[in-house]
Amino acid sequence: MADLKDFAEQLVNLTVKEVNELADILKEEYGIEPAAAAVAVAGGVAAGGGEAAEEKSEFDVVLTAAGASKLAVVKLVKELTGLGLKEAKEIVDSAPKAIKEGVSKDEAEGLKKSLEEAGAEVELK
């Protein structure tokens with residue numbers, strides 16, 4: 001039983017690259033689809049993810065409200081995301097809405113500062 005616990009711990013501590021390599025091996029050598037393997041490994045990672053929350057390295061920039069100068073915020077969202085004007089307006093109109101997901105802490109704070117200067121209300125998650 002101790003071997004299974006060690007194996008489970010190894011699975012939980014796999015990096016994304018290692019999970020992808022494992023999925024390739026399972027598919028090529030054993031005929032197991034990677035999606036099923038990724039779900040099984042991701043479930044294990046989610047169950048043991050207490051440490052990951054402390055060392056958060058990726059953030060989501062969420063627009064919570066456009067504020068008083070909505071047009072300036074729409075233009076800035078368009079510029080920051082590379083979207084068209086219509087898509088940027090839809091994001092601003094549907095706040096709270098994620099503007100960018102999975103960005104570094106420095107980039108997230110820079111985006112937040114820019115958006116707040118334009119009059120928007122922003123939070124990092």
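The legends below accompany close-up views of a predicted model.

View 1. Helix 2, formed by residues 16-30, contains 15 residues and reaches 20 Å from its first C-alpha to its last, close to the 21 Å expected at 1.5 Å a residue. Its buried residues are Val-19, Ala-23 and Leu-26, and because they cover an arc of only 65 degrees around the axis, they lie on the same side of helix 2. The face turned away from this buried side carries the exposed residues Lys-17, Glu-28 and Glu-29. Gly-31, which follows helix 2, has a positive phi, near 75 degrees.

**View 2. The largest nonpolar core.** This core has 20 residues, and those with the most contacts inside it are Val-61, Leu-63, Val-73, Val-77, Val-92 and Leu-115. Two or more residues come from each of strand 1 (59-65), helix 5 (70-81), helix 6 (85-93), strand 2 (97-103) and helix 7 (105-117), with helix 5 giving the most, five residues. When residues up to four places away in sequence are not counted, Val-92 touches Leu-63, Ala-66, Lys-70, Val-73, Val-74 and Val-77.

**View 3. A salt-bridge network of Lys-70, Lys-89 and Asp-93.** The side chains of Lys-70 and Asp-93 meet in a salt bridge (2.5 Å, N to O); since Lys-70 lies in helix 5 and Asp-93 in helix 6, this pair ties together parts that are 23 residues apart in sequence. Asp-93 also forms a salt bridge with Lys-89 (2.6 Å, N to O), and these two residues both lie in helix 6, four residues apart, about one turn of the helix. Lys-70 is partly exposed, at 37% relative accessible area, as is Asp-93, at 39%.

How values were computed
Residues are numbered from 1 along each chain as its sequence is written. This is a predicted model: local features need pLDDT of at least 70, side-chain atom pairs count only at pLDDT 80 or more; totals for chains, interfaces and linings use all residues. Side-chain values use heavy atoms; hydrogens and water are left out. The expected span of a helix is 1.5 Å times one less than its number of residues. Buried means under 20% relative accessible area, exposed over 50%, partly exposed in between (1.4 Å probe, protein chains only). The arc is that of the directions from the helix axis to the C-beta atoms. A nonpolar core is a set of buried Ala, Val, Leu, Ile, Met, Phe, Trp, Tyr and Cys residues joined through side-chain atoms within 4.5 Å. Contact means heavy atoms within 4.5 Å. A salt bridge is a side-chain nitrogen of Lys or Arg within 4 Å of a carboxyl oxygen of Asp or Glu.
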